[in-house]
Amino acid sequence: MAEPVTSKKPPDWKPLSETVQDANTLRMESMNAHHDHLITEIETSDGPLGTTLRAVYEGDELEKFKTRLDDHIKSHDKEIERMCNYHYQGFIDSIRELLKVSMDAAQLKDEIQADNQSLQESCSPLMSKGEQLIKCRRIQRNIASAAENLNLCLPVLEMYGKLQDQMRSKRYYPALKTLEQLEHTYLPRVNTHWFSETMSDAIPKLRERIKEASMSDLKDFLENIRKHSAKIGEVAMKHAAEHNNMDPSIVIASKKKLKKKAPPPPNPFTGEVDLEPEPVAEDTPELNEEEMGELSAQDLIDFSPVYRCLHIYTVLGDREKFETYYRKQRRKQARLSLQAASNMHEAIDHYKRYFHDIVGFFVVEDHILSTTQGLVNRAYMDELWEMAVSKLAASLRTSSAFCKDANMMLDIKKLIVLFCHTLRGYGFSVGHLLELLLELRDQYSDILTRQWVEVFNEIFDDDNYTPIYVENEEEFLGVVTQFPFQDDDLQGSAFPKRFPFSEFVPDIYNQVKEYINACLKFSADLHLSHTEIDDMIRKSTNLLLTRTLGSCLSSLIKRPSLSLLQLIQIAINMNYLEKSCGYLEEYISSITGAQNDSIHMARLHGTSMFKDARSDAEEHIYKQLNLKIDEFLDLANYDWMVTESKGHASGYIADLVAFLQSTFMSFTNLPEKIAKTACMSACKHIANNLLEFIRDNDLKQMTLGALQQFNLDLIQCELFAASEPVPGFTDGTLVMAFADVRQLLDLFLNWDWSVYLADYGQAKSKYLRVQPQVAISILEKLNNADKKKNNLFASLKKGERDKKKLLDTVLKQLRGLVNGTTPQVQG
């Protein structure tokens, strides 16, 4: 077997176990050195040991450190024991020396006690006297200190007493000054005393009491100013009226009854109640005119509470709060003043008090503005004024809408004008209120218009609709001075004289002038130009004439109770009222002073209105005349089967003609055209009705005798037409109204059928107005009458047979004309 190979080590290498043992030894030595270093730091350090202790606990050798620390402790214990053994003999020697000193000290103590006892006994009287001296010195020092403190405290107490007196007498502003001196001057001198602290604590409460008391006075002032503002406003408006040359009596309201005041509240500091006042007027006591003329706002009301309260709040640093409160309360009062009573339209005194209250409010605020610095400013005043103007305008619009009295509207206008003059004097803009006056002017015109409706209707009801008769010169002048009428013939005629118009003409003319004067009253003091006033009055007068008077005339003309003669008189009256419009225009120009401004002058529309009313009256005249004619025509009672006529006209025709003759005599004062139209209308109406009599479809039979009687009635009507019942008809124009009936009757009475049939359709035909249908209808009625009369013996008489044959032939030819075929006329 082969021998194992053995490895060889380097000659300088150690065994592995020895190397590990050397490494452990080095590590242990390093660790021990580290622990020794830490222990040395702990022993020698005078500062914090946090770092060192952290180093101890951070490693894993805490137990080994403890072991190393125990080894150090044992080493130190051995060192201490060694040192004690070395110094033991010196310690024994020191103890022995200390015992000897103790004996000497005891002896020295006994000697000191004996000396002290002897000293105490000898100094006892001296100590007694010293204590008495010290006590006396202390008393003397206390007395001096007390006197000094009393000298310091007496002014404080005197000031406090003065403060209480001022508070009791309600002199709050001086009390506030006293309080300031007490707090800043006197109390710091005695701040070491207990009552100083009490007073210091009471000072804020006293300030609050002063503020509350002054605010209470301000509230009383606000309540008082609310009561007195109406009187202040009345005085201010009276001054403005005198300054602007207006009647001051317009602002004076009726006196109010006395009433008892409520008892005053107790004094907030003393609790005392003042004596109950005597009953006083609800407003301020009535003043005579001289006293009122000399008074101003500050004479009627004491403004010191508001000044005092303003100063107090300014000193206390609450001025802004006070200003806010004052303005807020005055805004509330302004709204109350501007709130109109619901029944204000019932009496002018309600308007007066309303305006007085508003004027008084702004007069007071203007006084506050001028006598205080910043309590109210112009922006605040302008804001209040804008609110007041809007609410005032709304209230006046509402209340005036219920007003039915023109005189009250005039008083309201005067109050508004005076209100504007008054507040313009205090720097307020009144342009919107002047615009309101223009609105009220329209309402005033409406009220006047409603009143004049009653006036006009009353005039119409009272008129007798007959011409005015005057017996003497005085009555004649009474009429011509009231109404511009000129007639030389009437002027030169003898009494009694008759005017062509009735009483309502001068009455209407004068009432229109009264209306113009009433409109002019509203324009006074409005500072309008002559042209503006003239234009305003003309517009209002036009409305009166066209709407009011026109409507009244229309209603009058449509009254069913009016007779024909009354309608004729109304038409005549319209003619003269129409002519009077020019005089009304001259009257307006004379009272407004606008004669020279004729270029810009508006014209009255009364002329056209009276023309329309006259036309309406004429239409009703025509209708009434025709209705009256119908009444006569209704009396017609023809016997259509009569064989011969009576030889004279019917009675109803005679009555009708007599009526027409008397009626047309009253047309003499009517314009010729109207009279001619009425006459022509009446004749045409009669002719149409006569024609309808014989064309009546209910009439089945008719004789030639009846036609002859009808012809007599027609002749009577033609004679009336030819007699020229009204001037202006010539050449038989009026008779032509009966041409239709005349040609028809002539055709039948003359039995002129050959001419009719031959000329039919020609412009110059003798019977041009006769229609074939009408002729056929009458021929059939005549034929029916003949059949009934000659039914039994007609075939026995040759003449009757020829007549019937001719009648049949004519009927056949007429029907041919109607159907468009024209048979030849046979002889």
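Residues are numbered from 1 along each chain as its sequence is written, and side-chain values use heavy atoms, with hydrogens and water left out. Because the model is predicted, local features need pLDDT of at least 70 and side-chain atom pairs count only at pLDDT 80 or more, whereas totals for chains, interfaces and linings use all residues.

Colleague: How many salt bridges does a search of the whole structure find?
Modeller: A salt bridge is taken as a side-chain nitrogen of Lys or Arg within 4 Å of a carboxyl oxygen of Asp or Glu. With that criterion, a search of the whole structure gives a total of 25.

Colleague: Which parts does the salt bridge between arginine 68 and aspartate 36 tie together?
Modeller: The closest N and O atoms of arginine 68 and aspartate 36 are 2.7 Å apart. Helices here are DSSP runs of H or I with at least four residues, and strands are runs of E with at least two, numbered from the N terminus. Since the partners are 32 residues apart in sequence and sit in separate elements, the pair ties together helix α3 (residues 62–168), which holds arginine 68, and helix α1 (residues 16–44), which holds aspartate 36.

Colleague: Is glutamate 234, which meets lysine 231 in a salt bridge, buried or exposed?
Modeller: The salt bridge of glutamate 234 and lysine 231 has an N to O distance of 3.2 Å, and both residues lie in helix α5 (residues 194–243), 3 residues apart, about one turn of the helix. Buried means under 20% relative accessible area, exposed over 50%, and partly exposed in between, with a 1.4 Å probe and protein chains only. By this scale lysine 231 is buried, and glutamate 234 is also buried.

Colleague: How many residues apart in sequence are the parts tied together by glutamate 383 and arginine 331?
Modeller: The side chains of glutamate 383 and arginine 331 meet in a salt bridge at 3.3 Å, N to O. Glutamate 383 belongs to helix α11 (residues 378–401) and arginine 331 to helix α9 (residues 319–338), so the sequence separation of the parts tied together is 52 residues.

Colleague: What is the nearest side chain of opposite charge to aspartate 366?
Modeller: Aspartate 366 is placed in helix α10 (residues 348–371), and it is buried yet has no salt bridge. For the charges, Lys and Arg count as positive and Asp and Glu as negative, while His and the chain ends are not counted. At a distance of 4.4 Å, the nearest side chain of opposite charge is arginine 378.

Colleague: Why does the pair of phenylalanine 303 and tyrosine 307 count as stacked?
Modeller: Rings of Phe, Tyr and Trp (its six-membered ring) pair if their centres lie within 6.5 Å, and planes under 30 degrees apart count as stacked, over 60 as edge-to-face and the rest as tilted. The search of the whole structure finds 36 aromatic pairs. In this one the ring centres are 6.4 Å apart, and the pair is stacked because the planes of phenylalanine 303 and tyrosine 307 lie at 25°.

Colleague: What is the angle between the planes of phenylalanine 748 and tryptophan 753?
Modeller: Phenylalanine 748 counts as buried at 2% relative accessibility, and tryptophan 753 is buried at 3%. Their rings form an edge-to-face pair, 5.1 Å centre to centre, with an angle between the planes of 90°.

Colleague: Which ring lies under the charged end of lysine 497?
Modeller: A charge sits over a ring if NZ of Lys or CZ of Arg is within 6 Å of the ring centre and within 35 degrees of the ring normal. The charged end of lysine 497 is 4.4 Å from the centre of the ring it sits over, that of phenylalanine 476.

Colleague: Which peptide bond involving proline 496 is cis?
Modeller: Proline 496 is in the loop between α15 (488–492) and β4 (497–498). Most residues other than glycine have a negative phi, and most peptide bonds are trans. With omega near 0°, the cis bond is the one from phenylalanine 495 to proline 496.

Colleague: What is the phi of tyrosine 465?
Modeller: Tyrosine 465 is placed in the loop between α13 (431–462) and β3 (469–470), and it is buried, with a relative accessible area of 6%. Although tyrosine 465 is not a glycine, its phi is positive, at about 55°.
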